[in-house]
Amino acid sequence: MQENKNALEDYKVNTKIKLAGLWTSLMFCFIYGDYFELYVPHKVEGLLNGQNMMDNPMKLFAATIMMTIPILMIFLSLLLQPRLNRILNIIFGFFFTALMILIAFNSLTTWMSFYVFLAIIESFISFIIIKQAWTWKKINE
């Protein structure tokens, strides 16, 4: 068999590292979506005068808890034992896939088209998280 001298070396990436990378990518989409939203007309005014979705401490705290999940999943994907790791990635992957699809449908306006785009990307990434966790190879395979 003849080797291709132009072939690039490729290594198999551990599932834990793939999952951590996917959660990191998801977080970047969340962060950029929220940052770009500041450029939507009247958004900053609403933040300054308290006329926004997070208009009370409980809503803000609930959003904080929800956004803490992907943050924690970045390193938990690296540290947890495979069985628990797999379960949490499937559960939270489903949750964020559904949430992002819901957000995409609820953000269908001209000024929020960037947000819809990012929500679609986020739902795709979270679906890949589910797929990676679901198809996690067993030792004997």
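Analyst: Let me begin with burial: a residue counts as buried when its relative accessible area is under 20%. Please keep in mind that this is a predicted model.

User: Then is serine 126 buried or exposed?

Analyst: Serine 126 has a relative accessible area of 0%, and because the cut-off for burial is under 20%, it counts as buried.

User: Where does serine 126 sit, and what does it touch?

Analyst: Serine 126 lies in helix α5, and, leaving aside residues up to four places away in sequence, it touches Leu26, Gly93, Phe96 and Thr97. The C-alpha atoms of serine 126 and methionine 100 are separated by 8.9 Å, although the two residues are 26 residues apart along the chain.

User: Moving to α4, which of its residues are buried?

Analyst: In α4 the buried residues are Asn85, Leu88, Asn89, Ile90, Gly93, Phe96, Thr97, Leu99, Met100 and Ala104. The elements that cover them include α1 (15–37), α3 (57–79) and α5 (113–134).

User: How far apart are the ends of α4, and what span should its 25 residues have?

Analyst: Helix α4 covers residues 82–106, and at 1.5 Å a residue it should span 36 Å; its end C-alpha atoms are 35 Å apart, so the two values agree.

User: At what angle do α1 and α3 pack?

Analyst: The angle between α1 and α3 is about 160°, with their axes 7 Å apart; since angles over 145 degrees count as roughly antiparallel, that is how these two helices are described. The crossing of α1 and α3 is left-handed. Among the residues making the contact are Trp23, Met27 and Phe30 of α1 and Met67, Pro70 and Ile74 of α3, and the contact residues divide into 14 nonpolar, 2 polar and 1 charged.

User: What does the packing of α1 and α5 look like?

Analyst: α1 and α5 pack at about 165°, with their axes 10 Å apart, and they are therefore roughly antiparallel to each other. α1 passes α5 in a left-handed crossing, and the residues of this contact divide into 16 nonpolar, 5 polar and 4 charged.

How values were computed. Residues are numbered from 1 along each chain as its sequence is written. This is a predicted model: local features need pLDDT of at least 70, side-chain atom pairs count only at pLDDT 80 or more; totals for chains, interfaces and linings use all residues. Side-chain values use heavy atoms; hydrogens and water are left out. Helices (H or I, at least four residues) and strands (E, at least two) are DSSP runs, numbered from the N terminus. The expected span of a helix is 1.5 Å times one less than its number of residues. Buried means under 20% relative accessible area, exposed over 50%, partly exposed in between (1.4 Å probe, protein chains only). Contact means heavy atoms within 4.5 Å. Axes are lines fitted to C-alpha atoms, for helices over the stretch in contact, and angles run from 0 to 180 degrees between N-to-C directions. Angles under 35 degrees count as roughly parallel, over 145 as roughly antiparallel, 65 to 115 as roughly perpendicular and the rest as oblique. A crossing is left-handed if the near helix is turned anticlockwise from the far one by less than a right angle, and right-handed if clockwise. Ala, Val, Leu, Ile, Met, Phe, Trp, Tyr, Cys and Pro count as nonpolar, Asp, Glu, Lys and Arg as charged, and the others, Gly among them, as polar.
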